[in-house]
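I set out to record what could be looked up in this structure, one topic at a time. The entries below follow the order in which I went through the model.

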Amino acid sequence: MASELVNLTMAAHVRRVEADLNEINTFYNIPIAPRRFEVLNTYHTNELEYLEEIDFDALDQENKVDYILLRTFHNRALTNLKLESESQQEFMPLLPFADDFITILEDRQDVKPLDAKETARKLGVINTSITQAQNDVLDGKFDVSTTTGYLASRAIQDLVGLWEEWNTFYALYNPLYDFWLTKPWRATNATLNNYLTVVQTELAGMNRDGRDVIVGEPIGRAGLEVELQAEMIPYTPEELIEIGNQEFEWCEAEMKKQSQALGYGDDWKAALEYVKNDYMPPGEQTEYVRQLVVEGSNFVLERDMVSVPPIANATWRMLMIEAARQRVSPFFLGGDSIQVSYPVVEMEHDMKLMVMRGNNKHFARATAFHEMFPGHRLHLYMAERFNPHRRWMFDTPFMVEGWSLYWEFLFYDRDDFHTSPEGRIGALWWRMHRCLRILFSLQFHLGEMTADEAVDLLVDRIDHERANAEGEVRRSVEGSYSPLYQAGYMLGALQLWKLRELAVDSGEMTEKEFHDAILRTGMMPIEMVKALVMGDELTRDFKSEWKFYDFGLESGHDYSRRPVTVAQHTEFHTQLQHGGNGWK
């Protein structure tokens, strides 16, 4: 290891790596460039070699956790770079002009002298190549999948952005630029944007026939296995889908109880329809949400369930989500502020009703505390103040979303928060929603469910408002969220529920001590939270083995609290091998 790195704490290593990668990714900003792959591969490989020189056994528990997190991070990055490179080979034939573009763009990165006359000639070659590729697409000469077309369109979009920056950089100061390059650049820019539209329409299926098609990239089983290993989830995708199904069955049984209490018998969808139509009138949603946020904070403070710093409680804000963004965020969002989805003037009448029904009073009450207190607002506030070096590189939906959904579990488990059938139906609808997120996101990435089928699943199984379901699926598959993000809600909550059993139900910690301890660990996979909270023994070659779920109990039982046995896991794996996967 380099001498200047020998005496660093593991937290300092984390901060150094984060800073290094910020520099690397800012400079090597052409996603498809071979040079970027080479630099990142070399960096992560070297960092793993540095870690090998550290005396792991001499580290305390906090430093051991950071060591394991760093090693996992670098291994994940290397594997994903390999998968990304392999995926890129599928769509590169659609970009025969890419190498010439990359050369010109990398010269700008390196601030090499611009030969304006020669570059103008190169742009003519590139322009011809783009035009020929477009003609080949229109003539049906590329027989590629929709996914390949989508990935190609994303690569072209990246080039469009970089190409605009290139023009801005040189046009401002080079006196020969305007004479030689202004017109060729405009021609190339127009041709590239036209080609982007053709690829999106003809190959990716986007914007075809006026329909706003949902497209994305299934990462496949290999990609899912990489992500699951990095998130320290020692289950197969099929096992996780079965967890989603089993949790859904429990929720459905609970739904029938609440439906009966409202007088709808077992027809819980009729009871759900009644609940959905109980929404706030236009103009009153913001005040209602403010009351809900205050209620959640007061609830945990009055019962001394978790510490809530006064500044966090006093400085949160509320924002409204604009119409365009509601296409991918049809519900509330939380963090520093609570962001509220509700109808805006330009929406059509039917859309306004769907948004209001999808954000009715009881759905809102069951999610406002998820977004703010004791959910995301409290969690993210603490993450910036305790072990903040873990905040970005090790951020994971299993912890971020799992923490907030865990509180939904806990509030439902009590008898003093959801005191009406309507309130419990609102809470259960969200819980069922998170079960289905496991199903549709994993099956999409396995290539076993299309985005349209995922929308239908949400509409058919839990009467999701279709526009909201489309927004839900769109954000899940378009690439702005990690592949396991949607599965992370329910699975992370189940991990924390099991950890609560080990720490609180066993009598080792009080409820408040448990919650405060979690908030002070920072952001990271929950098995590492468990290692800190429970003092688990850790080794250099740590591999996730924590089985936090019981497959063996009937729906309707509180099976998430019960320990799983080796025999039950063995039986379940045997069933999977013989086709008994329990998918629905």
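**Confidence**

I noted at the outset that this is a predicted model. I looked up the mean pLDDT of the protein chain and found 92, with 93% of its residues at 70 or more. Over residues 559-584, however, I found the pLDDT below 50. Beyond near neighbours in sequence, that stretch still has 58 contacts in the model.

**Nonpolar cores**

I then turned to the largest nonpolar core, which has 138 residues. The residues with the most contacts inside this core are Leu240, Trp407, Val473, Phe514 and Met528.

Leaving aside neighbours within four places in sequence, valine 473 is in contact with Ile214, Phe440, Ala451, Ala454, Val455 and Leu458. Another core, of 44 residues, lies apart from the largest one. I list Ile30, Ile32, Leu94 and Trp166 among the residues of that other core.

**Tryptophan 430**

I located tryptophan 430 in helix α18. Is tryptophan 430 buried or exposed? I recorded a relative accessible area of 3% for tryptophan 430; the cut-off for buried is under 20%, so this residue counts as buried. Not counting residues up to four places away in sequence, tryptophan 430 touches Phe331, Phe363, Ala366, Thr367 and Glu408.

**Helix α16**

I asked how many residues of helix α16 (residues 376-383) are buried. I found 8 of its 8 residues buried, including His376, Arg377 and His379. The buried residues of α16 pack against α13 (310-314), α15 (361-371), α17 (397-413) and α22 (511-519).

**Loops on either side of α16**

I placed proline 374 in the loop between α15 and α16. A cis peptide bond joins phenylalanine 373 and proline 374, with omega of about 10°. I placed asparagine 387 in the loop between α16 and α17. Asparagine 387 is not a glycine, yet has a positive phi of about 50°. I flagged both entries because most residues other than glycine have a negative phi and most peptide bonds are trans.

**Aspartate 304**

I found another positive phi, of about 55°, at aspartate 304, which is not a glycine either. Aspartate 304 is in the loop between α12 (285-302) and α13. I recorded this aspartate as partly exposed, with a relative accessible area of 45%.

I looked up helix α3 (residues 61-91) and helix α6 (residues 146-171), whose axes come within 9 Å and cross at roughly 100°. That makes α3 roughly perpendicular to α6. Ser87, Glu90 and Phe91 in α3 meet Thr148, Leu151, Ala152 and Ala155 in α6. By class I noted 4 nonpolar, 2 polar and 1 charged residues in this contact.

I then looked up helix α10 (residues 237-261) and helix α21 (residues 485-505), whose axes come within 11 Å and cross at roughly 80°. These helices are therefore roughly perpendicular to each other. Leu240, Ile243 and Glu247 in α10 meet Met490, Leu491 and Leu494 in α21. I noted 5 nonpolar, no polar and 1 charged residues there.

Definitions and conventions
Residues numbered from 1 in each chain as written. Predicted model: local features only at pLDDT ≥ 70, side-chain atom pairs only at ≥ 80, totals over all residues. Heavy atoms only, no water. Axes fitted to C-alpha atoms, helices over the stretch in contact; angles between N-to-C directions. Helix = DSSP H or I, 4+ residues; strand = E, 2+ residues; numbered from the N terminus. Parallel < 35°, antiparallel > 145°, perpendicular 65-115°, else oblique. Contact = heavy atoms within 4.5 Å. Nonpolar A, V, L, I, M, F, W, Y, C, P; charged D, E, K, R; others polar. Core = buried A, V, L, I, M, F, W, Y, C linked by side-chain atoms within 4.5 Å. Buried < 20%, exposed > 50% of the residue type's maximum accessible area, 1.4 Å probe, protein only. pLDDT = per-residue confidence, 0-100.
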